[in-house]
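Open the model in your viewer and keep the sequence panel beside it. The stops below each give something to select and say what is there.

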Amino acid sequence: MATKLKAVPKDQAGGSGSRSPDVGDVELDCNVECPPLLPEGTYELGFVKADLNKHLWGRSKLFLQFQVLDVGEHHGKLLFMSMNFPKNGSISISSKFLQQWMVAAGGPPARRDRLSTRIFRGKVFAGRVRTVTSYVHSSGKLMDRDPSTYYSVVDHLIEVRAGR
């Protein structure tokens, strides 16, 4: 059943029909720092930390955070790499996490039961950085972002440059 809209009396709408600037406005705290936008390319990256977040629809998402080590205007900027995990937690040979883990380890895992993000600690990587220019709309369609909302992410690691 459709809801009927009621007219707002003039005295509640600002008297002369114009609205007060504060009426109907909502202020929200923004506790998210926008990721930086860097030119696409290869950068030297130092591993900072890993976060595992439960996502909607039962999936988990792993975020690896890296700091740009190249000398210049982007030195010290933090970028992240995100990876989806299946609901059942089973990691396949084609998973992004396993591929990046093998770059950090220098080869395949010796055991099949555990893969730790500890393997990234204390290492400097050559990594490919790309620009995020689209998003998945709630309808499931891939949509273009407004250029003012572009940001950079670590797409993949190429090799270990230094570290144990």
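Is D51 buried, partly exposed or exposed? Select D51: its relative accessibility is 33%, so D51 counts as partly exposed. The scale behind that word is relative accessible area, with buried under 20%, exposed over 50% and partly exposed in between, using a 1.4 Å probe and protein chains only.

Before moving on, note that this is a predicted model, in which local features need pLDDT of at least 70 and side-chain atom pairs count only at pLDDT 80 or more, while totals for chains, interfaces and linings use all residues. Residues are numbered from 1 along each chain as its sequence is written, and side-chain values use heavy atoms, with hydrogens and water left out.

**Charged pairs**

The side chains of K49 and D51 meet in a salt bridge, at 3.6 Å from N to O. A salt bridge here is a side-chain nitrogen of Lys or Arg within 4 Å of a carboxyl oxygen of Asp or Glu. Side chains of opposite charge can pair when their charged atoms come close. K49 is partly exposed, with a relative accessible area of 39%. Searching the whole structure gives 4 salt bridges.

Next, select R161 and E44. Their closest N and O atoms are 3.0 Å apart, and the two residues form a salt bridge. R161 belongs to strand β7 (residues 151-163) and E44 to strand β1 (residues 41-54), so this pair links distant parts of the chain, 117 residues apart. Strands are DSSP runs of E with at least two residues, helices are runs of H or I with at least four, and both are numbered from the N terminus. R161 is partly exposed at 44% relative accessibility, and E44 is partly exposed at 29%.

Which residue forms a salt bridge with D155? Select R130, whose closest N and O atoms with D155 are 2.8 Å apart. R130 is in strand β4 (residues 123-132) and D155 is in strand β7, so the pair ties together parts that are 25 residues apart in sequence. R130 is partly exposed at 34% relative accessibility, and D155 is partly exposed with a relative accessible area of 25%.

**A buried glutamine**

Move to Q100, in helix α1 (residues 96-105). Q100 is buried, with a relative accessible area of 5%. What does Q100 touch, not counting residues up to four places away in sequence? Select M81, F120, H156 and L157 to see these contacts; contact means heavy atoms within 4.5 Å.

**Aromatic rings**

The whole structure holds 7 aromatic pairs. Rings of Phe, Tyr and Trp (its six-membered ring) pair if their centres lie within 6.5 Å; planes under 30 degrees apart count as stacked, over 60 as edge-to-face and the rest as tilted. F97 and F120 form a tilted pair, 6.5 Å centre to centre with 50° between the planes. F97 lies in helix α1 and F120 in the loop between α1 and β4, 23 residues apart. F97 is buried at 4% relative accessible area, and F120 is buried at 0%.

F120 also forms a tilted pair with F125, 6.1 Å centre to centre with 55° between the planes. Both F120 and F125 are buried. To finish, select F47, F66, F97, F120 and F125, which form one aromatic cluster.
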